[in-house]
Amino acid sequence: MRVLLMGNPNVGKSALFTRITGTNAVVSNYAGTTVGFTRGSMKLGDEEVEVIDVPGTYSLEPTSKAEEVAAKMVDAGGIIVNVVDATNLERNLYLTLELLEKGVPLVVALNMWDDTRHRGITVDIAKLERLLGVSVVPTVAVSGQGIKELVEHIPGARSPKPAPRTRDERWAAVGGIVSEAQTLAHRHHTWLERLQDASLKPGTGIPIAILTLTASFFAVRGVGEGIIRYVTDPLFNKLWEPVMMRLSDALGGSGFWHDVLVGRLLDGTLDFEQSMGVLTTGLYIEFAIVLPYILIFYLVLGLMEDIGYLPRLAVLLDSVMHRLGMHGYAIIPSMLGMGCAVPALMATRILESKRERFIVATLISIAIPCAAAQAMIFGLVGAEGWQYVLLVFGVLFAVWLTLGFVLNLAVKGFSPELLIEIPPYRLPSLRGVVTKLWLRVWGFLKEALPIIMGAIFVVSVLYSLGVFDAIANFTAPLVSGIFGLPKEAVVAIIIGFMRKDIAIGMLAPLGLSAGQLVVGCVVLTMFFPCVAAFVVLAKELGFKKLLAAMAIMIVSTIIVGGLLNLVL
Amino acid sequence: MTEKKKISICHLRQGQSGRVIEILGGHSIAERLNSMGIRPDKNITKVSSSFMRGPVTISVDRCQIAIGYGMAQKVMVEVI
C-alpha cells in the first residue's frame with residue numbers, strides 16, 4: 001500500500017511528510033523545492049507503508065514537468081492525503097475535485113489551520129466533509145497538531161466518485177463549496193503584511209534587498225570569523241597540535257607516512273594550513289575554516305527560505321535576470337549554489353526550459369563559488385585585507401552578469417515567463433530551522449570529509465613521486481604567462497578538480513602577492529567545478545551540452561584570468 | 001449597453017481592482033493562469049507595478065501571484 005501526499009506547492013506537504021514518516025525532507029517556504037519526489041515510510045497499524053511526497057501541483061493537467069510526474073503517480077495507485085492550504089481554499093480545492101473525479105481514496109489534511117484565525121477565515125469542517133464526501137482533518141504540520149488524527153483517518157479513506165466535469169464546471173463547483181463552507185471576515189493590514197508588500201514593491205523592495213544581502217554578507221563573514229577565532233582555532237592549536245606533534249615524533253619526523261599523515265613541518269613546528277597531512281591540513285581545513293562558514297551560511301539561507309523572502313527577491317531581480325537569459329526564479333538554484341553546487345545543479349530542474357537550465361547550470365559552475373571555496377577565500381585573501389575579498393567576489397559577480405548576458409544572446413531557445421505564488425511571510429519554527437540546518441551541515445560533512453582526506457592523500461603521494469613537478473613544468477607557460485602565477489600553482493588548479501577549498505588552500509605556501517591571490521582564487525573558482533558537482537552537471541546537461549559548458553569554462557577562465565593579471 | 005473599457009493588468013494602478021474578462025493569446029497561457037486561479041469573472045487587485053518591464057503582482061482570493069510582464073500584458077480586465 002502506498003500513501004501519496006499531494007497538493008499545491010507551498011502548502012506544507014514536506015513538513016507533513018517529515019511529521020508522519022519521521023524521516024527528514026528539506027522544508028522551505030517557496031514553490032518548487034520538491035521536484036524530485038521524496039520517499040519514506042510509516043507505520044499504519046501493523047503494516048509498514050510507503051509514503052511519497054509528490055511534487056506540488058496546481059492541477060493534474062500537464063502544464064509543467066512537476067504536474068506530469070504528479071499525474072503519473074496518481075495513476076500508479078495509492079491512498080491520497082490531499083494537503084490543502086486552509087487559508088487558500090478556493091484554489092486548493094480545484095486539485096481536490098480533480099483527484100476525487102479520478103475515483104482514488106482520499107483524505108483531506110486542512111493544513112496551516114492556525115493561520116486561518118489570524119486572517120479572519122472560518123471554515124466549517126463538518127460542512128466541508130459533507131460537500132466533498134471525504135474526511136477533512138485540520139492540521140498544523142509545523143507544530144504537529146492534528147497529525148495523529150490524520151493518520152487514523154487514512155485507512156478508512158473514501159472515494160466518492162463524482163461525475164467528470166469540464167474545467168469551468170469544476171471551478172463553479174469549487175465556488176459553490178467555498179461559499180457554503182467558508183466565511184471571511186474583514187481585518188486590517190498587520191505589520192507583517194505591510195512588510196510583505198514593502199519587500200515586493202521596487203521602490204522599497206530594492207533597498208530592503210540590498211540591506212538584507214549586505215547584512216547577510218557581513219553576518220556570514222563576521223560570525224564565521226568569530227567561530228574560527230574563538231572556537232575552532234583554539235581547539236586545534238591547544239588540543240590537536242600536541243597530539244599531532246607526538247605522532248610526528250613517533251613517526252620519526254619525516255618519511256612517507258609521516259608526510260602523508262602529519263605533513264611537512266616548517267622549522268620543526270606544525271602549520272596546519274601548509275603541512276598537507278591528512279590528519280592535520282585535512283581535518284583543519286574542513287573543521288576549522290570551512291565548517292564555521294557553512295554553518296552560518298546555511299542558517300541565513302534557511303531563514304530566508306522559510307520566512308518566504310526568496311520569491312520576492314526573484315520578482316525584484318526578474319527583469320535584470322531576463323537580460324541574462326534566465327527568469328527571476330533562477331535566483332533560487334543560483335543562491336543554493338553559494339552553499340554547494342551539487343544541490344544547486346539538481347535544483348535547476350525546477351526551471352522550465354532546457355535553455356534556461358543550461359544557462360543557469362553553466363553560470364553556477366563558473367561564477368558561483370561554493371561555501372567551502374568562499375570560506376577559504378575569506379580566510380586566505382582576507383588576511384591581505386577585506387577589499388581584496390570584495391574584489392574576488394566582485395569579479396565573480398561581474399563574470400556572472402557578463403557571461404549570462406552573452407549566453408542569453410548566443411543560446412537558442414526561449415525562457416518562459418515568471419508565474420509564481422508569493423507566499424505570506426511566516427515566522428519559521430525553531431525546530432524546522434534547526435532540523436534543516438542540521439541536515440544540510442551533516443550532509444556537507446558526510447560528503448566532503450572523505451573527499452578532502454582523499455584529496456590530501458593523493459596530493460601527498462603525488463608530491464613524493466614528483467608528478468606535480470613534471471606537470472608544473474609542462475604547463476608553466478600558460479600558468480605564468482597568462483595568469484601571472486608561479487608554475488607551482490598548477491597543482492592547485494589540478495586539485496580544484498577534487499575540492500575547491502583544498503585547492504585554494506594550496507595557494508597559501510606559494511607566497512603570492514595580494515593581486516596574485518585574487519587572480520588565483522578567481523581562476524580556481526571559474527575553471528571546472530569539483531568532481532561531485534561535475535558528475536551532477538553531466539547528469540543534468542547530457543554529454544553534448546556538457547562539452548559546450550566545459551568549452552565555455554575554459555575560454556572564460558583564460559580571458560578573465562588573463563585580464564585580471566594585466567590589471568592587477 | 002455601453003461597453004466597459006478592457007485594459008491589461010499592467011495598466012491597472014496599484015491598489016485598483018479589476019474583473020478578469022479574457023486572456024489573450026494561446027491555449028497554454030490560459031491554462032497556466034487558470035490553474036493558479038486567474039480566469040474570467042475572477043476579481044483581482046493589483047499589488048505592485050512592474051519595474052523595468054518586470055513581473056506584475058496581483059492578489060487573487062487573498063493570495064499573491066507574480067506574473068511575468070509578457071504574460072501580464074495578455075490578462076485583460078474591466079476596472080471595478
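1. Order of elements in chain B. Reading from the N terminus, chain B runs β-β-α-β-β-β-α-β. That makes two helices and six strands. The model is a predicted one.

2. Size of chain B. The radius of gyration of chain B is 12 Å. The globule rule gives 12 Å for 80 residues, so chain B is as compact as a globular protein of that length. Its C-alpha trace spans about 35 × 30 × 25 Å along the principal axes.

3. Chain A. Here the secondary structure comes to 24 helices and nine strands. Chain A has 568 residues and a radius of gyration of 27 Å. A compact globule with that number of residues would have a value near 24 Å, and chain A agrees with this. Along the principal axes, the C-alpha atoms of chain A fill a box of roughly 80 × 55 × 45 Å.

4. Extent of the interface. On the chain B side, 30 residues are in contact with 31 residues of chain A. The area buried between the two chains is about 2800 Å². Carbon and sulfur atoms give 55% of that area. Which three residues of chain B supply more of its buried area than any other three? They are Arg32(B), Met36(B) and Arg62(B), with 24% of what chain B buries against chain A.

5. The rule finds three salt bridges across the interface of chain B and chain A. One of them joins Glu90(A) and Arg39(B). The closest N and O atoms of this pair are 3.6 Å apart. A salt bridge needs the nitrogen within 4 Å of the carboxyl oxygen, so the pair at 3.6 Å counts. Between chain B and chain A, eight residue pairs are in polar contact, both residues being at pLDDT 80 or more.

6. Make-up of the chain B face. Four elements of chain B each supply at least two residues of the side that touches chain A: α1 (27-35), β3 (43-48), β5 (63-67) and α2 (69-72). By class, this side has 12 nonpolar, 11 polar and seven charged residues.

7. Strand pairing between the chains. What does β5(B) pair with in chain A? Its partner is strand β9 of chain A, residues 419-422. The two pair in the antiparallel sense over four bridges. Within this pairing, Glu421(A) stands opposite Ile65(B) in β5(B). Strand β5 of chain B is also among the elements listed in point 6.

Technical notes
Residues numbered from 1 in each chain as written. Chains lettered and ligands numbered in written order. Predicted model: local features only at pLDDT ≥ 70, side-chain atom pairs only at ≥ 80, totals over all residues. Heavy atoms only, no water. Contact = heavy atoms within 4.5 Å. Buried area = accessible area lost by both parts, 1.4 Å probe. Salt bridge = Lys/Arg side-chain N within 4 Å of Asp/Glu carboxyl O. Polar contact = N/O pair within 3.5 Å; in protein donor to acceptor, adjacent residues only side chain to side chain. Nonpolar A, V, L, I, M, F, W, Y, C, P; charged D, E, K, R; others polar. Pairing = 2+ DSSP bridges. Rg over C-alpha atoms; globule rule 2.2 N^0.38 Å.
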